[in-house]
Amino acid sequence: MNIIHPSFGKLDDNRIIIFDTTLRDGEQSPGFSMNLAEKIRMAEALTELGIDVMEAGFAIASPGDFESVKAIAESVGQRDDTPVIASLARAGQMDVLRAAEALKSAKRRRIHIVIATSELHMKVKLRLTPEEVIQATVDSVTLARQHADDVEWSAEDATRSDQDFLCRVVEAAIRAGATTINLPDTVGYAMPDDIAAMYRNILERVPGADQIVLSTHNHNDLGMGVANTLAAIRAGARQVESTINGIGERAGNASLEEVVMAIRTRHDVMPFSNNIKTTSLLRVSKLLSTITGFDVQPNKAIVGRNAFAHEAGIHQDGVLKDAATYEIMTPESVGWQKNSLVLGKHSGRAAFRDKLNTLGYSIGDNQLNDAFRRFKDLADRKKIVYDEDIVALVDDEVMRDHERVRFVSLDLHAGSKAPPQAELELEVDGVVHKASSSGDGPVDATFAAIRKIFPHEANLVLFSVGAVTEGTDAQAKTTVRLEEKGKMVDGQGADTDTIVASARAYVHALNKLLVKRDRTEPAALSA
Ligand code: KIV
Ligand code: ZN
């Protein structure tokens, strides 16, 4: 292969481009939507992680999606270390122009065009003939090249497409100017051998296929997203599309942290390189969980709570003698650290800022002031402040930036003698409002007070409480899920007081709902 890529220049044969689609494929799956501030926070964390391409959204899907692609292009897209910022577009003029408009201020940009190529999708969904799909491909890629040098074209449902037709349409896309060709396993149907055969076939039969980057994008319906991704790389793909924690449509996408660590740990059979700073993987995974309210399962590879836990005596004995007995990579290599006593109530702002830098945060002065105030408050109430406490607190603070409704204070009278009474203060659009309410318990009373200050119709469908660290003085981490007219949102809160954490989580969910009310769901991917 001898690839000169418009965004990456001359590519080393073994270089893998990491394309992250957490903010597009991940975000479009139910329950995972994020507001603008959260997307920007994720975009910053992904940039610091070292991804090469960030799919920031699907610009034409809604005004909100357009705004978030544009905002990412205008913020992260201006940094010296910016990844290539991409927007998805269907193979039609309006889509391509909308993507180009949203991306126009990004220093490095990519228009990513998708059209289905399987017989089933072309006939039933697109109602286009194969020749019309080829024409739409050529027209849209040609148009996109007038707005960006870097254009990706994806054959939706490639793995269930007729492979002869796939060769024809890929050739047409390359001739029209596509610089990356992506062959997704859209429905997670393929086996690793099928995937490898598809890439070899394209490389053998399509003129010019060795001059562009072949990309792989695998869904996890049969639990094979990562295996298929690795098979594609071994067969010639040099771009991997994946998401943090493997989030995405239905069963999700190949998980970025698993693909990266598989390549790194099995370098003997996968001698490939990428730019990911693996020690930041855990932090980005946790940030995504905090924002979306979905923790990964405990046994999730790399970032699950038990991924490096050794319970069985025989295993513990082995690990104490030599960690390599049961650990194929070190926990530290992906960002796990032993709980450390970090700061106390006498620590000053400089030490706090320093700690945040070590934990990978670079936040502005206003957020730093608010976070420092909350840290002092926490240190007064909690004997030991761990790194996890700081992470929960700062993520909580950062998430609340730009919110219309903000938690101010809560005074609660509860116990076994009288019904609980909540006295709540919330700031709505900059004005502080007060309400008091009773209820069937302190949480119910607090939520009733929120509804008094900010009346709404949403139903509470889930309420859960966990602990950030161990001990009775641990911060509570709460999740509240609200549902309104079929739209579902999750909010999170953290505090040493469980009821305050619950109020924060409710308010967070409410803010997300306000964002969702203005947003229509992305249209089906048809031209
Ligand atoms: O799964 C898929 O086919 C996609 C495309 C839009 C790339 O997400
Ligand atoms: Zn997908």
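This report describes the overall fold, the zinc site and selected local features of a predicted model.

## Basis of the model

Because the model is predicted, local features require pLDDT of at least 70 and side-chain atom pairs count only at pLDDT 80 or more, whereas totals for chains, interfaces and linings use all residues. Residues are numbered from 1 along each chain as its sequence is written, chains are lettered from A and ligands numbered from 1 in the order in which they are written, and side-chain values use heavy atoms, with hydrogens and water left out.

## Overall architecture

The chain contains 17 helices and 18 strands (DSSP runs numbered from the N terminus, helices being H or I of at least four residues and strands E of at least two). Its radius of gyration, 24 Å, is close to the 24 Å given by the globule rule for 527 residues, so the chain is as compact as a globular protein of that length. The radius is taken over C-alpha atoms, and the rule is 2.2 Å times the number of residues to the power 0.38. Along the principal axes, the C-alpha atoms fill a box of roughly 80 × 60 × 40 Å.

Of the 527 residues, 57% are buried (under 20% relative accessible area, with exposed over 50% and partly exposed in between; 1.4 Å probe, protein chains only). Among contacts (heavy atoms within 4.5 Å) between residues at least 6 apart in sequence, 67% join residues at least 24 apart.

## Surface and charge

The accessible surface of the chain is about 22,100 Å², and carbon and sulfur atoms account for 51% of that area. Accessible areas come from the Shrake-Rupley method with a 1.4 Å probe; for residues, only the protein chains shown count as cover.

The chain carries 61 positive and 76 negative charges, whose mean positions are 2 Å apart. Lys and Arg count as positive and Asp and Glu as negative, while His and the chain ends are not counted. Each charge is placed at NZ of Lys, CZ of Arg, CG of Asp or CD of Glu.

## Zinc site

The zinc ion (ligand 2) has Asp25 (OD), His217 (NE2) and His219 (NE2) as its protein donors, at 2.0 to 2.2 Å. Donors are N, O and S atoms within 2.8 Å of the metal (3.2 Å for Na, K and Ca); water is not among the atoms, so sites may look incomplete. The spacing of the donor residues in sequence is D-x191-H-x1-H. Asp25 belongs to helix 1 (residues 22–26) and His217 to strand 9 (residues 213–217), so this pair ties together parts 192 residues apart in sequence. Both Asp25 and His217 are buried.

Eight of the 10 residues of helix 9 (residues 225–234) are buried, so the helix is largely enclosed by the rest of the structure. Among the buried residues are Val226, Leu230 and Ile233. Their cover includes helix 8 (192–205), strand 9, strand 10 and helix 10. Gly236, which follows helix 9, has a positive phi near 125°.

Most residues other than glycine have a negative phi. Asn245, in the loop between strand 10 (239–242) and helix 10 (256–265), has a positive phi near 60° and is buried at 12% relative accessibility. Arg250 lies in the loop between strand 10 and helix 10, and its phi is positive, near 50°.

## Ala494 in strand 18

Ala494 is located in strand 18 (residues 487–495) and is buried, with a relative accessible area of 4%. Leaving aside neighbours within four places in sequence, its contacts include Arg374, Ala392, Asp396 and Arg504.
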